[in-house]
Amino acid sequence: MGFYSFIGFLRPAIYFFLLPVYVAYFSEAEYAIYNLMIDFAAISMVLVSLKINNSMVTHYYDYMDDPQAQEDLLSNLFTISILIGLVTIGIAWFGGTPLFELVFKDEAVTFFPYGLIVLAYTVLFEANQCYLTFLKNRKKIIAFTMVMLTHVLSIVLLQFIFIIVLERGVTGALEGILIGNILVTAVMIIMKPGLISFKFNTKYIAEALKFSIPLIPYMIIYWFLMRGGRFFLEAYTDLDTVAVFAMLMVLASVIILAVEAVINGIRPFLFEEFARGEAASKQYISLLTRLVINIPLIFVPLIILISCFIHLIIIKESYFVISKYMPWACLLIFLMVWYKLFYQQLIFVKKSVQVTVLSLIAMLCLLIGFVYFIPSYGIYGVLAATIIANLVMVVLFYYYAQKNYYVAYSFKSILVNPLLVFACIFALYFGRLHYSWSWELFGLLQFFAALLLIVVLNFGNMKEYIDFFRKGSLHSHS
């Protein structure tokens with residue numbers, strides 16, 4: 001499990017590791033455009049294939065006793081995902097430019113070439129997720145690692161070449177991602193020649209679409225909660241402000257990368273345990289859910305510390321202001337950790353329609369907050385609106401998740417401990433304002449205080465965590 005989580009964290013963390021390159025070789029406006037295109041990629045991933053790969057996460061377990069059916073499900077979902085994506089690109093070829101002119105205020109943000117490149121690589125990325133999920137569910141660690149490392153290393157190398165050597169700017173950065181995804185798809189087809197198959201089984205496709213389509217509104221809402229603020233900032237402010245906010249969220253988003261890596265690593269174990277029904281081990285379900293909370297929590301004081309010393313990493317002074325926003329950004333992101341945990345319960349019982357309905361409520365709160373707060377408060381307005389919306393999402397998801405599939409959470413580990421850590425951080429944050437400490441001093445104080453508090457609060461569980469990572473299986477503990 002620990003290895004899956006690490007590899008799963010490594011791929012999306014590419015954009016964090018390459019941050020010094022982006023800042024050094026892009027102007028503030030170019031960095032803003034690049035991040036807007038990454039945001040466009042995130043929403044495109046929801047739409048280009050109708051998110052059909054989500055079905056592999058849960059429907060795979062409907063055929064636990066039929067490996068051939070699992071293979072057929074994979075080839076059906078992979079192939080239909082690419083076909084839907086190609087149709088989407090064809091439509092966007094004619095409608096992309098009017099859409100970009102409608103959405104973006106700045107004329108520098110264009111569909112050709114930026115948007116088209118993004119659509120091309122998201123089609124491949126979404127199809128590839130079908131195979132990656134399949135490998136993870138089957139616990140094929142060598143094949144999974146080969147594919148993931150191909151993805152990570154190729155994109156890092158190609159972006160380095162296109163940005164630094166060929167000096168192709170934002171276009172080159174996006175081209176590097178596209179070619180990296182092409183290489184990954186090629187590796188997958190070589191590893192599994194039957195991956196693309198036109199022998200469609202309408203049962204598999206119908207089941208997949210029935211599950212994935214109701215989730216699309218939720219995915220769009222999640223995109224708004226995570227990334228929509230940049231689009232509203234671009235409408236109300238300028239690209240330089242968008243660049244600062246983008247830098248802020250890239251750093252803070254390491255928390256969400258951590259929780260997604262943990263969830264991706266534990267999901268096969270967690271869902272197998274859920275599938276056991278009354279025979280499920282409540283002890284190990286509790287262990288897994290505690291890991292979902294505590295591992296991302298460790299990153300909070302570290303990210304705040306980095307933001308307070310950002311001047312040692314980048315040289316452009318316009319980005320130095322992110323330290324004053326970072327505690328709020330980390331709180332915003334950590335609310336997502338909570339509702340991502342409860343989301344797993346709802347997905348396991350296939351409550352995709354309910355997920356969407358609940359998300360719409362949070363979406364309404366978000367849009368009202370954006371319109372009300374951003375014009376007056378800028379970046380603080382985005383943070384305030386998103387914190388409120390995420391809090392609404394956490395409460396709703398928890399209530400309905402427990403109603404549909406009850407999990408005996410450790411209230412102290414899941415809720416009290418993270419709140420104590422954030423209370424410690426914000427006490428020092430407001431202490432800095434009162435006593436006029438430097439940001440560097442605040443960063444060091446909160447880092448050591450919060451880290452010590454996390455260790456103390458989890459001291460009694462350390463052996464259990466270590467044993468699980470070492471053995472890597474639920475059933476080896478049962």
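Is Glu167 buried or exposed?

Author: Happy to. First, a bit of housekeeping: this is a predicted model, so local features need pLDDT of at least 70 and side-chain atom pairs count only at pLDDT 80 or more, while totals for chains, interfaces and linings use all residues. Residues are numbered from 1 along each chain as its sequence is written, and side-chain values use heavy atoms, with hydrogens and water left out.

Now your question. Glu167 is exposed, with a relative accessible area of 66%. The scale goes like this: buried is under 20% relative accessible area, exposed is over 50%, and partly exposed is in between, using a 1.4 Å probe and protein chains only. You'll find Glu167 in the loop between helix H8 (141-165) and H9. Helices here are DSSP runs of H or I with at least four residues, strands are runs of E with at least two, and both are numbered from the N terminus. Glu167 also has a positive phi of about 55°, although it is not a glycine. That stands out because most residues other than glycine have a negative phi.

Next comes helix H9 (residues 169-191), which is where Ile182 sits. Ile182 is partly exposed, at 43% relative accessible area. Along the sequence, Ile182 and Tyr121 are 61 residues apart, but their C-alpha atoms are 7.7 Å apart in space.

Asn201 counts as partly exposed, with 30% relative accessibility. At the start of H10, a side-chain oxygen of Asn201 comes within 2.9 Å of the backbone nitrogen of Lys203. That's a polar contact, meaning a pair of N or O atoms within 3.5 Å; within protein, one must be able to donate a hydrogen and the other to accept it, and residues adjacent in sequence count only if both atoms are side-chain atoms. Asn201 also has a C-alpha that is 8.2 Å from that of Leu73, although the two are 128 residues apart along the chain.

So what does H10 itself look like? In H10 (residues 202-212), the buried residues are Tyr204, Ile205, Ala208, Phe211 and Ser212. They cover an arc of only 135° around the axis, and that puts them on the same side of H10. The arc is taken from the directions that run from the helix axis to the C-beta atoms. Turned away from that buried side is a face with the exposed residues Thr202 and Lys210.

What do the buried residues pack against? The partners of H10 are helix H5 (54-59), helix H6 (67-103), helix H11 (216-236), helix H15 (322-348) and helix H16 (352-404). Packing here rests on contact, which means heavy atoms within 4.5 Å.

Lys51 lies in the loop between H4 and H5. Lys51 is buried, with a relative accessible area of 14%. That loop also holds Leu50, which has a positive phi of about 55° although it is not a glycine. Leu50 counts as partly exposed, at 27% relative accessibility.

Let's zoom out to the core. The largest nonpolar core has 179 residues, and those with the most contacts inside it are Tyr31, Met37, Tyr218, Leu248, Met326 and Phe397. H15, one of the helices H10 packs against, gives the most to this core, with 19 residues. A nonpolar core is a set of buried Ala, Val, Leu, Ile, Met, Phe, Trp, Tyr and Cys residues joined through side-chain atoms within 4.5 Å. Leu248, for instance, is in contact with Ile322, Tyr325, Met326, Ala329, Ile379 and Leu383, leaving aside neighbours within four places in sequence.

Finally, Asn35 in helix H4 counts as buried, at 6% relative accessibility. A polar atom of the Asn35 side chain lies 2.9 Å from the backbone oxygen of Tyr31, and Tyr31 is among the core residues with the most contacts. Beyond four places in sequence, Asn35 is in contact with Arg230, Ala246 and Val250.
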